[in-house]
Amino acid sequence: MPRESEFLSLGDEALHAVIGPHSRHVALIEDAFKVLVETPGGGVSINGSARDRAQAKRVIQILADRAETGAEITEADVRAALGAAVAAPRAGQGATVSNASALPVGRRGAIAPKTAAQARYLELLSQCELTFGVGPAGTGKTFLAAAYGASLLRRGQVDRLVITRPAVEAGEKLGFLPGDLNEKVDPYLAPIWEALNDILGPDDVRRRRDKGEIEAAPIAFMRGRTLAHAFIIVDEAQNLTRLQMKMVLTRLGEGARMVVTGDPSQIDLLNRRDSGLSHALRILDGVKGTGVLKFEASDVVRHAMVERIVRAYDADAASQRPAADLEDPDR
């Protein structure tokens with residue numbers, strides 16, 4: 001194919017984001033599409049075949065759009081944009097995944113979906129009373145749930161943000177831990193507190209916790225309650241039993257929404273078949289008001305190594321699946 005050049009005009013912020021530290025972002029784009037990207041000033045010049053140039057342009061435009069919202073651009077963003085640009089022509093869709101989000105601005109800039117799956121996840125959160133976000137670590141399912149809940153709380157669309165999860169894998173044994181309930185539970189909710197601190201700021205999170213607007217509790221403390229006008233995050237749900245899952249799902253009260261996150265491949269229960277997450281996904285499929293987003297290894301937005309690790313474990317699990325299917329009558 002003939003190789004030609006074309007110039008894409010960019011503002012200073014977008015240009016710096018596309019180049020990246022030590023030109024690392026440009027290098028990733030060049031390696032992915034066999035193009036040469038130069039920065040003569042005022043934008044980028046892309047040299048390569050028509051197809052490679054088009055894909056590289058899609059990636060650069062995604063990064064530029066995100067940078068112009070004030071978001072920090074990392075290598076994870078570049079990898080996500082690369083995946084979106086490759087998938088877009090096959091799906092017959094545009095590559096932009098960062099729009100249509102009413103999320104707040106965090107300490108590292110505007111928060112927006114980095115992949116098409118994350119964008120769809122946010123759509124489900126806005127449309128469904130009950131949303132399941134399931135898939136491997138590093139896909140952003142818990143962070144985006146916390147960000148969305150924080151945005152509802154900040155806009156006054158809910159009165160409370162309630163966060164719950166199995167406090168100790170499959171055990172709920174909190175008594176030996178020192179301190180009050182918050183001090184016992186907080187270590188297990190570190191990812192969510194990190195997300196909320198990034199979005200709202202530590203002082204605002206502390207103030208809202210003191211006022212009862214943000215509440216964290218183990219699953220055992222949900223029994224008997226009705227949670228009205230609240231956004232509820234049920235995290236690490238693969239380690240809920242079927243009875244626990246039914247109990248927490250039925251806590252929904254008037255004006256409440258719930259998101260259930262987890263990774264069915266990371267079940268720590270002694271009997272994997274007792275996982276309430278796998279069971280709920282099966283029996284609630286198609287129920288009105290319920291949405292399910294299943295993330296894949298390609299949606300991992302952490303270090304590139306995480307995606308490779310997830311794929312290796314998925315391949316191993318697939319090789320073991322026939323024997324597991326014979327043992328599990330629920331499949």
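Analyst: Two strands pair if DSSP finds at least two bridges between them. Helices (H or I, at least four residues) and strands (E, at least two) are DSSP runs, numbered from the N terminus. This is a predicted model, in which local features need pLDDT of at least 70 and side-chain atom pairs count only at pLDDT 80 or more, while totals for chains, interfaces and linings use all residues. Residues are numbered from 1 along each chain as its sequence is written, and side-chain values use heavy atoms, with hydrogens and water left out.

User: In which sense do S1 and strand S3 pair, and over how many bridges?

Analyst: Strands of a sheet pair through backbone hydrogen bonds, either parallel or antiparallel. Here S1 and S3 (residues 43-48) are joined in the antiparallel sense by six bridges. Glu-6 stands opposite Ile-46 in S3. These strands belong to an open sheet of three strands with the order S1-S3-S2 and antiparallel pairing. Its edge strands, S1 (4-9) and S2 (36-38), each pair on one side only.

User: What does Arg-53 contact beyond its neighbours within four places in sequence?

Analyst: Contact means heavy atoms within 4.5 Å. Arg-53 lies in helix H3 (residues 50-68). Apart from neighbours within four places in sequence, Arg-53 is in contact with Glu-4, Ser-5, Glu-6, Val-35, Ile-46, Asn-47 and Gly-48.

User: Is Arg-53 buried or exposed?

Analyst: Buried means under 20% relative accessible area, exposed over 50%, and partly exposed in between (1.4 Å probe, protein chains only). Arg-53 has 10% relative accessibility and therefore counts as buried.

User: Why is strand S9 described as largely enclosed by the rest of the structure?

Analyst: Strand S9 (residues 230-234) is so described because five of its five residues are buried. Both faces are covered: Ala-230, Ile-232 and Val-234 are buried on one side, and Phe-231 and Ile-233 on the other.

User: Which strands pair with S9?

Analyst: Strand S7 (residues 160-165) runs parallel to S9, with five bridges joining them; Thr-164 has Val-234 as its bridge partner in S9. Strand S10 (residues 257-262) also pairs with S9 in the parallel sense, over four bridges, and the partner of Ile-232 in S10 is Met-258.

User: What unit do S9, helix H10 and S10 make?

Analyst: A crossover is right-handed if, with the strands pointing away from the viewer, the path from the first strand over the helix to the second runs clockwise. S9, H10 (residues 242-249) and S10 make a right-handed β-α-β unit.

User: How many aromatic pairs does a search of the whole structure find?

Analyst: Rings of Phe, Tyr and Trp (its six-membered ring) pair if their centres lie within 6.5 Å; planes under 30 degrees apart count as stacked, over 60 as edge-to-face and the rest as tilted. The search finds two aromatic pairs. One of them, Tyr-121 with Phe-295, is edge-to-face, at 5.2 Å centre to centre and 80 degrees between the planes. Tyr-121 lies in helix H5 (residues 116-127) and Phe-295 in the loop between strand S11 (290-294) and helix H12 (304-327), so the pair ties together parts that are 174 residues apart in sequence. Tyr-121 is buried, at a relative accessible area of 0%, and Phe-295 is buried at 4%.

User: Where is confidence lowest, and where is it highest?

Analyst: pLDDT is the predictor's confidence in each residue, from 0 to 100. The protein has a mean of 82, and 82% of its residues reach 70 or more. Confidence is lowest in strand S4 (residues 105-106), at a mean of 57, and highest in strand S6 (residues 130-134), at 97. Over residues 90-101, pLDDT stays under 50. Where pLDDT is low, the predicted coordinates should not be read in detail.
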